[in-house]
Amino acid sequence: MRMYDIIHKKRDGIALSQEEISFVIQGFTNDSIPDYQMAALAMAIFIRGMSPEETAHLTLAMAASGDQIDLSQVKGVKVDKHSTGGVGDTTTLVLLPLVASVGVPVAKMSGRGLGHTGGTIDKLEAIPGFSIERSKEEFIEQVNSKGAALMGQSGSIAPADKKLYALRDVTATVDSIPLISSSIMSKKIAAGADAIVLDVKTGEGAFMKTLEGSFALAEAMVNIGENVGRHTIAVISDMDQPLGYAIGNALEVQEAIDTLRGQGPADLTELCLVLGSYMVVAAGVAGNAMEARAKLHESLESGRALETFKTFLTAQGGDASVVDDATRLPQAAKKIPVTLPRTGFVSHIHAEEVGTGAMLLGAGRETKESEIDLAVGIVLHKKVGDRVEAGEAIATLHVNDEKRVAEVTERLQRAYELSEQKQPNHRLIFGVVTQQGTERFV
């Protein structure tokens with residue numbers, strides 16, 4: 001088998017076999033296939049696409065390129081959740097204890113973030129003492145005894161994906177649905193989940209900017225999951241404005257605690273109930289989404305979800321007293337309000353500008369080597385539909401270093417668009433994709 005022939009075949013739009021795809025991924029991983037040939041194949045895939053079967057084969061080959069986690073010792077159906085990312089995406093911090101509190105085991109592997117704020121691990125490390133250091137045996141025992149555990153994603157999970165993404169990033173082949181979907185799903189499958197619920201963001205602050213692109217990605221990932229024996233559900237949700245009000249690590253932890261207390265932002269709470277309901281159904285703990293939602297709502301109302309979060313934090317060495325005393329979280333030295341000089345109703349918030357502003361304050365990483373300041377970030381006070389009076393604060397900057405305050409203030413002011421009339425309610429959920437098909441709500 002020759003790489004030249006495989007490139008030629010895909011260049012001409014002919015589907016690759018499972019054996020050919022396995023040959024490519026193995027060879028690229030062990031360096032027997034050079035970058036220039038893999039780049040040529042990536043471009044051929046970008047232009048010609050891949051069939052659902054090819055994409056499934058690519059996903060499994062990348063999952064098999066490194067460690068695959070065996071969670072068979074965890075009791076019950078293991079359901080993983082993945083978000084394609086956005087601004088103020090705090091859902092995992094809420095869903096982990098919420099779903100665990102109704103009897104669904106949560107064995108979560110997460111990573112650190114490169115972007116607007118840190119990843120789930122960075123956020124949780126804002127809690128004093130919290131540790132992700134777990135052996136596989138400790139990890140499984142904690143899930144079985146406490147209902148939930150989190151550990152860092154090993155660098156040996158799907159190494160072919162990591163290597164291929166670095167190549168795609170410099171060869172203009174990132175925006176390919178088969179390559180994006182197989183990248184995401186290879187890591188989920190290697191992490192050992194029985195079922196996967198996907199939160200596919202759409203809009204300006206999302207990876208996929210258009211609704212059609214987001215549905216296409218969701219459908220591709222569901223097809224992969226079902227083709228490789230993992231029950232998969234995708235929810236398409238809005239990221240044309242930040243989710244919730246907080247963008248920043250400790251700030252998002254506080255917002256997650258408020259949400260588990262039943263006092264969180266309406267959009268964050270609703271999205272967590274929707275995603276959580278599908279996770280509960282996928283685990284077989286409820287017969288339908290309505291029944292699952294009722295279970296989750298009762299857990300929030302009774303305080304059981306919040307207690308589960310405390311139990312989870314304690315099990316991972318974290319100071320659970322932060323739940324009742326937010327001052328134990330990292331605090332920024334200064335809080336600086338951002339105002340607008342005009343009056344009107346918020347008609348649009350450019351989410352990416354807000355996210356970039358938080359990163360510039362130190363809440364996220366500009367490069368892999370950047371150090372995150374866990375205390376800093378932005379708390380919004382106005383969302384789409386809200387009225388703003390001239391001189392009223394639209395947000396507060398939480399800062400330790402003021403050198404970029406002026407730049408971030410300008411970005412935030414530019415991010416807000418106002419209109420004379422109040423806009424219709426902002427849609428949060430655009431549709432759901434399952435094995436049975438696509439249901440659109442627009």
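The exercises below concern a predicted model and are each followed by a worked solution.

Local features need pLDDT of at least 70 and side-chain atom pairs count only at pLDDT 80 or more, while totals for chains, interfaces and linings use all residues. Residues are numbered from 1 along each chain as its sequence is written, and side-chain values use heavy atoms, with hydrogens and water left out.

**Exercise 1. State which residues of helix H7 are buried, and what they pack against.**

Step 1. Helices (H or I, at least four residues) and strands (E, at least two) are DSSP runs, numbered from the N terminus. H7 covers residues 136-146.

Step 2. Buried means under 20% relative accessible area, exposed over 50%, and partly exposed in between (1.4 Å probe, protein chains only). In H7, Phe139, Ile140, Gln142 and Val143 are buried.

Step 3. Down the axis of H7, the buried residues fall within an arc of 160°, so they line one face of the helix. The arc is that of the directions from the helix axis to the C-beta atoms. An α-helix has 3.6 residues a turn, so residues three or four places apart point the same way.

Step 4. Contact means heavy atoms within 4.5 Å. The buried residues of H7 pack against strand S2 (106-110), strand S3 (148-152) and helix H14 (304-315).

Step 5. Just after H7 comes Gly147, with a positive phi of about 95°.

**Exercise 2. Describe the interface of domain 1 and domain 2.**

Step 1. The chain is divided into domain 1 (3-49), domain 2 (79-324 + 429-440) and domain 3 (330-419); such bounds come from an automatic or database domain assignment.

Step 2. Taken over C-alpha atoms, the centres of domain 1 and domain 2 are 32 Å apart. Their contact takes 12 residues from domain 1 and 11 residues from domain 2.

Step 3. Buried area is the accessible area (1.4 Å probe) that two parts lose on being put together, summed over both. Between domain 1 and domain 2 about 1000 Å² is buried, 79% of it on carbon and sulfur atoms. Phe28, Ala42 and Phe46 supply 43% of the area that domain 1 buries against domain 2, more than any other three residues.

Step 4. A salt bridge is a side-chain nitrogen of Lys or Arg within 4 Å of a carboxyl oxygen of Asp or Glu. The count between the two domains is one salt bridge.

**Exercise 3. Locate Asp31 and describe its backbone and exposure.**

Step 1. Asp31 lies in the loop between H2 and H3.

Step 2. At 58% relative accessibility, Asp31 counts as exposed. The side chains of Asp31 and Lys163 meet in a salt bridge (2.3 Å, N to O).

Step 3. Phi of Asp31 is positive, near 70°. Most residues other than glycine have a negative phi.

**Exercise 4. Find the surroundings of Lys188.**

Step 1. Lys188 sits in helix H9 (residues 177-190) and is buried, with a relative accessible area of 6%.

Step 2. Not counting residues up to four places away in sequence, Lys188 touches Asp80, Lys81, His82, Lys108, Ala193 and Ile196.

Step 3. A polar contact is a pair of N or O atoms within 3.5 Å; within protein, one must be able to donate a hydrogen and the other to accept it, and residues adjacent in sequence count only if both atoms are side-chain atoms. The side chains of Lys188 and Asp80 make a polar contact (3.2 Å).
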